[in-house]
Amino acid sequence: MSLLKDIFGKKDEPIQSYQDFWSWFQKHEKAFFNSVKKQTNIEKDFFDKIDPKLQEIKDGFFYLTGMYDNDTVELVLTADGNVKNIAFVEELVAAAPQIKGWKFTALKPPLEIDHVNIAMEGYEFNAKNLFFYSEEHTDFPDEIDIRVVHTDYRKDNKKTITNGSFIFLENYLGELNFVTSIDHIAIMGKPDPKQELIPISKLQDFLIWRQKEFIEKYEGTLQNTENDNYSGLEAELENGNPLIAIINTDILNWENKASHPWVLIVEIEYDGENHFGMPDQETYQLLEEIENEILEELKDEEGYLKIGRQTADNVREIYFACKDFRKPSKVLHQIMLSFAPRLEIDYDIYKDKYWQSFDRFKPDSDYL
């Protein structure tokens, strides 16, 4: 313990970049290595040391560790399934130096099916008792809707079986594939006897085949929205405040929506109490500045389509449909940092292949 006391007794420089983190890590890696190798006080002597340093870069980093072999410690950095943080985990690991005795891994890797056996509250989750089938939807042919069947599933153990099955799938498929390759998933008991069940061991191959088919179908599909028509929509909220939306109504009828399967929603809060929830002129200009900065980075010809925006009740929301989730995550993180002193900005990214999130803006919707 005296070695750890000497090493960590000195005040470190603040961590402002990936390189700063790894420079700091290299100074202490021998103590970290010994802690994991000897299996002594890993929480206190390793995790409690790296956690605040990772938080200095950005929140949302999680980690696992163990011996990869007799001479190598593996540190797995993970986003814990949060799509918004995947790009940052990948970048951090990509910036890692070569350190003897260490293996750094971005995101929980997939495991061989024979190596995945989860035990939880008296139930097991493995290749012997898990099966699946794909639910097909005529109106949404590219949707990957997986039904996972556990042979012990009952109404009274639904929560346990669901949680255990999800843990199994994340370990079997790997964190990235689990988060990005399935659009919808449900855990259930035995379905109609006529439904053919497929061994869960074939799920990886099934998803690879569907992804290859999807890429071939939409490869190179881009859209130019420069000449699209936008419609102004107005409504009144229950509290009497107005809601104003400006939506690209042309793009909502596009037949290739699935080629841009990621929905980005930017949410900006402002003080509009004295204007019935609407921004004053100064705030309006600031909102325009933020939106223009986003548009400078997320261009339609690169796969980022602006769907429109909505303003109501002290909140401006801006909507995009995107070909990927990594660049929007990084762009919005920088925007948040740039405007943090003036406005509170947040964002969400999720998969919605057929843009059902925007159905409320269609002419036949009663939303507006």
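Contact here means heavy atoms within 4.5 Å. Keep that in mind as you select Trp102: apart from its neighbours within four places in sequence, this residue is in contact with Phe25, Glu29, Phe32, Phe33, Phe46, Thr72, Val73 and Leu75. You are looking at a predicted model, in which local features need pLDDT of at least 70, side-chain atom pairs count only at pLDDT 80 or more, and totals for chains, interfaces and linings use all residues. Residues are numbered from 1 along each chain as its sequence is written, and side-chain values use heavy atoms, with hydrogens and water left out.

**Stop 1**

Buried means under 20% relative accessible area, exposed over 50%, and partly exposed in between (1.4 Å probe, protein chains only).

**Stop 1: rings**

Now show the aromatic side chains. Rings of Phe, Tyr and Trp (its six-membered ring) pair if their centres lie within 6.5 Å; planes under 30 degrees apart count as stacked, over 60 as edge-to-face and the rest as tilted. The count by this rule is 27 aromatic pairs. Zoom in on Phe25 and Phe32, a tilted pair with 5.3 Å centre to centre and 50 degrees between the planes. Both Phe25 and Phe32 are buried. For another geometry, go to Trp355 and Phe358: their ring centres are 6.5 Å apart and their planes stand at 75 degrees, so this pair is edge-to-face. Trp355 and Phe358 are buried too.

A charge sits over a ring if NZ of Lys or CZ of Arg is within 6 Å of the ring centre and within 35 degrees of the ring normal. Lys58 lies over the face of Phe88, at 4.8 Å from the ring centre, and Lys103 over that of Tyr68, at 5.1 Å.

**Stop 3**

Select β2, residues 72-78, where 7 of 7 residues are buried. Thr72, Glu74, Val76 and Thr78 point one way from the strand, while Val73, Leu75 and Leu77 point the other way. Two strands pair if DSSP finds at least two bridges between them. Strand β1 (residues 62-69) runs antiparallel to β2, joined by 7 bridges, and a hairpin connects the two through 2 residues. Look for Met67 opposite Val73. With β3 (residues 102-106), β2 runs parallel over 5 bridges; there, Glu74 has Lys103 as its bridge partner.

**Stop 2: a four-strand sheet**

Next comes an open sheet of 4 strands with mixed pairing, in the order β8-β7-β6-β9. Which strands stand at the edges? They are β8 (184-188) and β9 (198-199), each with a single partner strand, so one side of each has no neighbour in the sheet. Strand β7 (residues 145-150) pairs with β8 in the parallel sense over 5 bridges, and helix α5 (residues 158-173) packs on the sheet, touching β6 (130-135), β7 and β8, with its direction at about 130 degrees to that of β8. Axes are lines fitted to C-alpha atoms, for helices over the stretch in contact, and angles run from 0 to 180 degrees between N-to-C directions. Helix α7 (residues 203-218) lies across β6, β7 and β9, at about 20 degrees to β6.

Colour Arg147 in β7: its bridge partner is Tyr133 on one strand and Ala186 in β8.

**Last stop: two loop residues**

Finish at Asn41, in the loop between α2 and α3 (42-57). Asn41 has a positive phi of about 50 degrees although it is not a glycine.  Asp80, in the loop between β2 and α4 (83-94), also has a positive phi, near 55 degrees.
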